[in-house]
Amino acid sequence: MHMRSGRRGRGAWWGAVAIGGSIALVLSGAPLSAQASSLAAETIVCPGVADRLPEIPAAAQDEVDRDLASLETQIQEANNRLADSQGEGGPNFVQNAILRPLADKRAATLDRIAIAIGRSAERPGNLAALATCRLSESGGNGTTSSPSPSPAPDDNATSPPPAQDGAQRIVCPGVADQLPEIPAAAQDEVDRNLALLETQIQEANNRLADSQGEGGPNFVQNAILRPLSDKRAATLDRIAIAISRSAERPDNLAALAPCSLDDAGAPAPDPGTGSPSPQPTDGQNDDGQNGGDQSEEEIAAAIGPSAEDFIDIRQVARTRQPQARGNGSRGVFVSDCGTNEEEHRNTDNLINAPGVVNAAQHLHDYVGNVSADAFSTNESLAASDTTCRNKADQTTYFWPVLRVRGPNDEPGAPEVDKNNIGTPVRASVARLEYRGNPTSPVTAAPRFLRLNFGDAKAVTNGPANARPVWTCTGFTDRITDKYPICPSGSRVTRIFDMPSCWDGQNIDSANHRDHLVFPDDNGACPSGTKAVPQLRMTLIYNNLPNTRPNGTDVPFAVDSFASERHSPITDHVGAIGVISDQLMETIVQCINNGRRC
């Protein structure tokens, strides 16, 4: 096997040099004045990685190089945060707000390096120990090695017209001139998304102008800049996907998502990116003290949801369900896989972000395959045990947990971060059914087919992929996209009808959706696709409080990304089908013969 050396001659610790008896990070390409201003400051030093790697396979070299560069960027960003936050927080602020998040980011990046190498050679097992960084000791000495130069400021940054009277404005990196040649087939979609980027900036500037004087010192960062960055990231990803369908996917767009304020009072930008330095998302320092003058009500509102996200189920209109006709398939096959009595939970997303720890940033419950996590492969899933009674069903079925709001006083209750608060509850019933198609027989689904339902970032991305899933027992003909308030004796229910029209070729696609789409309103599959057994996942909860919400005092909410405010429209599920050929044939026959199995 042809290998290229991955050694770059760096010492065991990098990023620190001794100047004038103290330690300072020297950023290559940074102005001398900026370097001099930090001479007396502590800096963060991290273990070197490049010189700890084995020989890197040629096939992995580019990916490893990108991840090594990402490690250096992470150190730069952490040192910027350290410099900007002098005097903030309590005694544990640096550890909790800077060093620990940096270690988490490095751990994920080091995992990606190990995975890339492991595809073609023996996976290195010593990288996890390199994740933890520390503060330099005053007067200490470090190995001189400058991180890669910061990118030059974007001279083509997108910015609105100059504001009058010195008002703050939001400016963002330009995108159009950073794109490669756009394939003709992608041009319209790219143009639409470029226009959307401009609209997002204008909306953010309108919000900035309308909110003068609101909130605490972190209000602009948390309520405007960070949500804008999330929206831009999603739009930039759609641009990359559109281009990748006909040409090589551009991999430089994610760096263009963060924006900044253009005046001296703005949050300090990271060098060369225009990205404001990270701030706590909940208005609190990690020592538990409220930051600035943000009230508890403001913090709760930023986290979400509120009473407006709930509805009495009796006020929801009934939903018409397509009826099987003619050649329709009416059978149902049930797979009993329990309700996660084993407490198999993690914050990974093995479909959308394989190999990345904590990619979901919220907690998922699992039934079926007992080994599912970020590092699962088709081979590992096929070799694993299952909680399903029929051991030929090794599918991994997963969904975000619901949490009962209020003090999280359950000992050992898993928490993702301060955004996901409350006690996670397990569904009392998890019903897994494979169903037919109203207009045609079904054919066998391929093994390892990826199934996605909903959009965990529907607030940021818009509702295009969001679908209503909420109802109550006794009212399942009424489906809503809000949290249901159920009458006495009725229980909160989530119903997920997965896409079931397969393209006949692929088990996955670039956006994890195009290979398996939904039937139309009459239940028919689009031209060029074929109906496969439709997975319906029904989750019923006996143990949720049935109290009416009051403002931000709500009884329960779904786990979500911080940017999504626990909105009910972000509910989603996923599955990777690992069903034996023999069992799949049994399922198909059961459905097409109109039986319940």
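A: Begin with one pair. The model is predicted, and in it the side chains of D365 and R345 meet in a salt bridge, with N to O at 2.6 Å. D365 is in strand 13 (residues 364–368) and R345 in strand 12 (residues 345–346), so the pair, 20 residues apart, links distant parts of the chain.

Q: What is the general idea behind such a pair?

A: Side chains of opposite charge can pair when their charged atoms come close.

Q: Are D365 and R345 buried or exposed?

A: Buried means under 20% relative accessible area. D365 has 1%, so D365 is buried. R345 is buried as well, because its relative accessible area is 18%.

Q: Which residues are joined with D365 and R345 into one network?

A: E343 and R426 belong to that network with R345 and D365, through salt bridges that share partners.

Q: How many salt bridges does the structure hold?

A: The structure holds 17 salt bridges. One of them is between D67 and R112, whose side chains meet at 3.4 Å, N to O. D67 lies in helix 2 (residues 61–84) and R112 in helix 3 (residues 93–118); the two are 45 residues apart, and the pair links distant parts of the chain.

Q: Which residue forms a salt bridge with R536?

A: The partner of R536 is D497, and the closest N and O atoms are 2.6 Å apart. R536 lies in strand 25 (residues 534–541) and D497 in strand 21 (residues 492–497), so this pair ties together parts 39 residues apart in sequence. With a relative accessible area of 16%, R536 is buried.

Q: Now a residue from another kind of pairing: where is Q74?

A: Q74 is placed in helix 2, the helix that also holds D67. The relative accessible area of Q74 is 8%, so Q74 is buried.

Q: With which side chain does the side chain of Q74 make a polar contact?

A: With the side chain of T109, at 2.9 Å.

Q: Which residues is Q74 in contact with, leaving aside its neighbours within four places in sequence?

A: Q74 is then in contact with L102, K105, R106 and T109.

Methods
Residues are numbered from 1 along each chain as its sequence is written. This is a predicted model: local features need pLDDT of at least 70, side-chain atom pairs count only at pLDDT 80 or more; totals for chains, interfaces and linings use all residues. Side-chain values use heavy atoms; hydrogens and water are left out. A salt bridge is a side-chain nitrogen of Lys or Arg within 4 Å of a carboxyl oxygen of Asp or Glu. Helices (H or I, at least four residues) and strands (E, at least two) are DSSP runs, numbered from the N terminus. Buried means under 20% relative accessible area, exposed over 50%, partly exposed in between (1.4 Å probe, protein chains only). A polar contact is a pair of N or O atoms within 3.5 Å; within protein, one must be able to donate a hydrogen and the other to accept it, and residues adjacent in sequence count only if both atoms are side-chain atoms. Contact means heavy atoms within 4.5 Å.
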